[in-house]
Amino acid sequence: MASAAPDFQPRTFSIKLWPPSESTRLMLVERMTKNLSSESIFSRKYGLLGKEEAHANAKRIEEMCFASADEHFKKEPDGDGSSAVQLYAKETSKLMLEVLKKGPGTTAEPEAPVIDTPIEPADTVFDISGGKRAFIEADEAKELLSPLTEPGNSYSRICLSNRSFGIGAANVAGPILESIKSQLKEVDISDFVAGRPEDEALDVMRIFSKALAGSVLRYLNISDNALGEKGVRAFTELLKSQGDLEELYVMNDGISGEAAKALSELIPSTEKLKVLHFHNNMTGDEGAMFIAEMVKRSPNLESFRCSATRIGSDGGVALGEALGTCTRLKKLDIRDNLFGVEAGVALSETLPKLGDLVELYLSDLNLENEGTIAIVNVLKESAPQLEILEMAGNEITAEAAKPLAECLTAMQSLKKLTLAENELKDAGAVAVAKSLQEGHPDLKELDVSTNLFQRSGARCFAQAVANKPGFVLLNMNANYIPEEGIDEVRKILKAGENSADVLGPLDENEPEGNPDDEDEEEDDDDEAKYGDDNGKDAGLGSKLQDLKHHLGSLVEDP
């Protein structure tokens, strides 16, 4: 009889989620800075942090939370780091909320919000969004909302976000909201049915909609509710009664083409709208047509955000043309869509009409050289006052560098420039860097990571920012800068008015790499992406999805 086979122990594949890379940590600081310095219900109550104060707080928070999570990780060396990541994200969110509620420091120069709304006394703001997200039912809702039932209360701004209302809680909230709706001006009911079954969530929305119908609101936030068309129509009574809205937020709501159509049909008037945000939906070209109709009817728009909405060329062209009516626009964010060259050219024909633009976000639109050149040629003449310009991930090569450089030379008010994930190489990098060297006294951040340049490009970018007062961050990661080139960059920065501390992490830089090998590396990436049929990839993908989930709230734009 054959002897028993020895126990076989299969090899396992694992990945450590901790510690995060330097580039991830830097990205979190940047995103936290943006969240801390963006207008929200907290900024209305406690004041708005300036960019520099927000950056200092974000950096301090990240360092403290990283140290705490790292200590936690050291106590579980055999773990995958997921609990450390969770602690990192949880503590960061907690400290961010504390900073927001503390408001700007007395020495900080306050930054004006997009809309000039006077700060009202704290007793006009009712906010239950702090703390952990939680399910609430009737008894807790009665206790939480009791201040709204006090005779003579003056609450005009309410935030019921981050609490998941069930039917019982909604039935308690409905009569209370109806009793004070005549005094309400701002309502935030974002993320207020999380985790509820669809039928229950829709019933809750209808109860809130009926209770608030007839209120005269200037601000309405119904984001993060996975609305879809059914959810939008559940708010029919409320939306139909709103003709004076100045700010409308419908972000991360599953807004499809049909949902966008419903939204466009239900709101009776958008003439007073100053802020319209649709970030992170599945709108597509079909939905873009209805959003474009809303935009056409909103001549007073000052801030329009329609990023990450799956809009292609046809929808991009329609949006670009519609924006021509918004001559007061100050902030335009349409990044992370599939516009392509044709939509880019259409947008370039509209931009000369937008003479008040201060912030322009055009990253990841597949503009290529043709679309990029069309846009920068008009920006050079129409938007010299621009303070933020983002054009990352558009396949921009050295061919477009000259018109891009000419445009940047004219933009002497720039505070932040992002050209990451393009293909400038040394020739394009040198041209762009030289355009920034003279003037640009307010430039604070420059991101030219992942652009295939080497020593010459790196040296020129360092020279461009070395003597700019108040400069904060030079990101040249993920390029092909040799070690001697990095040393040269540090020497240039040290010799200028800024220290080498402004140089971002270089953990993804390839000192011995060659930009001509990029095609070969892309083939390797494809192999890594699709796997080797040994089952390793599924585990890796799962771990990375966990990391994205735990850090998502920090990395995502507000």
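**Notes on a predicted model**

1. Let's start with Lys331: K331 lies in strand 10, which covers residues 331-333. Please keep in mind as you read that this is a predicted model.

2. Which residues does K331 touch? Leaving aside its neighbours within four places in sequence, K331 is in contact with E302, S303, F304, L357, E359 and Y361. Take your time finding these in the viewer.

3. Now for the charge on this residue. K331 is buried and yet has no salt bridge. The nearest side chain of opposite charge belongs to E359, 4.1 Å away.

4. Next, helix 12. This helix spans residues 313-322 and is mostly covered, with seven of its 10 residues buried. The buried ones are G315, G316, V317, A318, L319, G320 and A322. What do they pack against? Their partners are helix 11 (284-296), strand 9 (303-305) and helix 13 (340-350).

5. On the helix 12 side, the contact is made by S313, G316, V317, G320 and E321. Helix 13 contributes E342, A343, A346, L347 and T350. Notice that G316, V317 and G320 are also on the list of buried residues in helix 12.

6. How many disulfides does the structure hold? The count is zero.

7. A word about backbone angles. Most residues other than glycine have a negative phi. A226 is not a glycine, yet has a positive phi of about 45°. You will find A226 in the loop between strand 6 (219-221) and helix 8 (228-234). Is A226 buried or exposed? At 64% relative accessibility, A226 counts as exposed.

8. L452 is another case to check. Its phi is near 65°, a positive value in a residue other than glycine. L452 sits in the loop between strand 14 (445-447) and helix 17 (455-465). Here the relative accessible area is 11%, so L452 is buried, whereas A226 is exposed.

Conventions. Residues numbered from 1 in each chain as written. Predicted model: local features only at pLDDT ≥ 70, side-chain atom pairs only at ≥ 80, totals over all residues. Heavy atoms only, no water. Helix = DSSP H or I, 4+ residues; strand = E, 2+ residues; numbered from the N terminus. Buried < 20%, exposed > 50% of the residue type's maximum accessible area, 1.4 Å probe, protein only. Lys, Arg positive; Asp, Glu negative; His and termini not counted. Salt bridge = Lys/Arg side-chain N within 4 Å of Asp/Glu carboxyl O. Contact = heavy atoms within 4.5 Å. Disulfide = S-S within 2.5 Å.
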